[in-house]
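I begin with charged pairs, then turn to rings, and end with a sheet.

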Amino acid sequence: MKAVYKIYHPGPGISSLRPHARVVLEADIPLNQPLEREQLQKAMNYLRSASRIQADTYVSPAGTAAQIFLESALLVQRCFVYPVSWGKTVPLAENRTEIAFEIARPRIFSAVTGCALAMTRSALATDRARKPEDILRQFQSDLTPEIKHIYAFDRLKTAARLGIFAQTAPGMPEGHVQVGQGTSSRLLAPGFTDLTSHLGRELAGNKIYARQCLKAAGLPTPSQFQARGEENIVLAAEDMGCPVVLKPVRGSKSRKVVVGLQNPDEIRKACRETFGRQARVLVEEYLQGMDYRMLVIGGEFAAAALRLPLLVTGDGLRTVAELISMTNEVQRRQGWILGVVTINLDNEILRVLAAQNLAPDSVPEPGRDVILRRNSSGESLSRDITSLVHPDNRDLAVAAARACRLDVAGIDFNSPDISRSWKTGAGSIVEVNAGPAVDIHMYPQQGKWRDISWKIIRF
């Protein structure tokens with residue numbers, strides 16, 4: 001079996017309104033005749049085993065060898081979180097057929113075709129079929145997208161659904177999309193639009209200024225001191241009362257954030273290991289609650305997600321390090337498909353473990369939850385909870401985005417229960433993020449996927 005003729009069409013075209021590939025497939029077996037029942041069942045079981053690599057992957061029924069190839073081409077892309085669905089087969093001869101299918105990006109065209117060929121051969125093989133994981137790893141470097149590719153593709157697809165002209169922005173980096181034409185056109189970047197205020201980005205990036213703007217707007221924020229030098233930081237923490245959080249004045253993605261420091265010794269150690277003895281650091285009140293992210297687009301509440309605590313559960317057999325390794329494997333954090341970040345043992349995880357009288361080589365008892373981090377991070381899984389947010393908390397998110405002069409903003413909100421109003425004392429704004437990562441709302445690991453591209457384009 002081989003692909004003898006391949007063309008990429010950016011779309012729209014006579015076959016599809018979306019970018020698609022056309023492949024002419026040749027084989028020494030009939031491509032368009034229904035497979036025997038036993039062989040079809042074996043092929044479908046193979047594709048279903050591949051679909052379990054990505055839980056949301058859908059495999060539709062296929063009855064011929066050509067359809068198996070088509071399903072494989074779509075499945076390959078969906079395993080890498082490209083939300084493709086369209087495809088069609090057109091018989092040319094008994095052993096020759098033309099196949100058109102949706103393609104996410106021009107650069108993955110050849111890799112998708114090669115990977116689909118390999119998966120089709122294995123699905124139809126009578127013996128020694130290659131595992132889907134091994135085939136996907138072979139093409140990993142060409143297929144693995146950056147999140148900006150996912151954003152761009154989803155926005156192009158959404159614009160086509162809305163009947164709005166859209167194209168990858170000429171002369172701009174990958175991930176930038178132009179929506180509309182002429183004086184009505186807009187430019188979208190991964191986390192920004194061409195309406196995003198530069199001053200708003202600067203303001204949100206400075207945690208001191210952002211907090212001042214939020215306080216001036218009457219919005220709840222945790223107590224905060226700024227201090228330079230190890231001993232001054234300790235004095236500020238003692239004045240506030242432990243436990244405390246240490247974080248840099250500027251930063252993102254929870255980098256260098258140390259949470260739940262209980263005493264001066266822990267604070268001094270964090271200063272030496274994370275910030276340096278003379279660094280300027282924010283000492284912040286430690287809030288006991290759940291970490292939520294609320295998204296605001298164009299002055300309207302758009303979505304919310306719960307950032308799940310990073311932990312492993314003991315089984316009485318494995319060490320903490322082995323449990324982390326198993327979690328990385330089960331949740332597909334290895335990096336060869338798009339997903340959550342791999343959990344790596346670092347100083348912060350070691351500190352949190354020590355506070356629980358544990359070390360990487362400790363074996364937790366069965367059922368014991370071992371906390372790895374006390375704050376959300378890129379390693380955290382997310383759960384959509386948009387429908388649970390109290391109306392007052394929705395208004396709070398919109399007001400926070402307005403206070404920081406942002407058209408698209410991610411509001412980090414700490415609360416014991418987001419279904420309770422912040423006006424009852426149940427909640428505080430931790431940070432406001434310019435250019436927020438919206439993939440946690442588009443593709444949460446748990447809960448409903450939200451149509452964020454639709455909201456941005458309509459705005």
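**Entry 1: charged pairs**

I looked up Glu 231 and found its side chain in a salt bridge with Arg 268, at 3.0 Å from N to O. I count a salt bridge when a side-chain nitrogen of Lys or Arg is within 4 Å of a carboxyl oxygen of Asp or Glu. Glu 231 belongs to helix H9 (residues 230-240) and Arg 268 to helix H10 (residues 264-275), so the pair ties together parts 37 residues apart in sequence. Helices (H or I, at least four residues) and strands (E, at least two) are DSSP runs, numbered from the N terminus.

I note that the model is predicted: local features need pLDDT of at least 70, side-chain atom pairs count only at pLDDT 80 or more, and totals for chains, interfaces and linings use all residues. Residues are numbered from 1 along each chain as its sequence is written, and side-chain values use heavy atoms, with hydrogens and water left out.

I then checked accessibility, where buried means under 20% relative accessible area, exposed over 50%, and partly exposed in between (1.4 Å probe, protein chains only). Glu 231 is partly exposed at 42% relative accessibility, and Arg 268 is partly exposed at 23%.

My search of the whole structure returned 17 salt bridges. One of them joins the side chains of Lys 207 and Glu 431 at 3.7 Å, N to O. Lys 207 is in helix H8 (residues 207-216) and Glu 431 in strand E18 (residues 428-434), so that pair links distant parts of the chain, 224 residues apart. Both Lys 207 and Glu 431 are buried. I also recorded a network of salt bridges that links Lys 207, Lys 247, Glu 284 and Glu 431.

A further salt bridge is formed by the side chains of Glu 365 and Arg 368, at 3.8 Å from N to O. Glu 365 is partly exposed at 42%, and Arg 368 is partly exposed at 25%.

**Entry 2: rings**

I found three aromatic pairs in the structure. Rings of Phe, Tyr and Trp (its six-membered ring) pair if their centres lie within 6.5 Å; planes under 30 degrees apart count as stacked, over 60 as edge-to-face and the rest as tilted. The ring centres of Tyr 82 and Phe 153 are 6.5 Å apart and the planes stand at 90°, so this pair is edge-to-face. Tyr 82 lies in the loop between helix H2 (65-79) and strand E3 (87-93), and Phe 153 lies in helix H6 (residues 147-162). Tyr 82 and Phe 153 are both buried.

Tyr 443 and Trp 449 also pair edge-to-face, with 4.7 Å between centres and 90° between planes. Tyr 443 is buried at 12%, whereas Trp 449 is partly exposed at 37%.

I also noted that the charged end of Arg 201 sits over the ring of Phe 192, 3.9 Å from its centre. My criterion is NZ of Lys or CZ of Arg within 6 Å of the ring centre and within 35 degrees of the ring normal.

**Entry 3: a sheet**

Which strands form the open sheet of four, and in what order? I read the order as E1-E2-E4-E3, with antiparallel pairing; two strands pair if DSSP finds at least two bridges between them. Strand E1 (2-9) and E3 stand at the edges, each with a single partner strand, so one side of each is left without a neighbour in the sheet. Seven bridges join E1 to strand E2 (residues 20-26). The bridge partner of Ile 7 in E2 is Arg 22.
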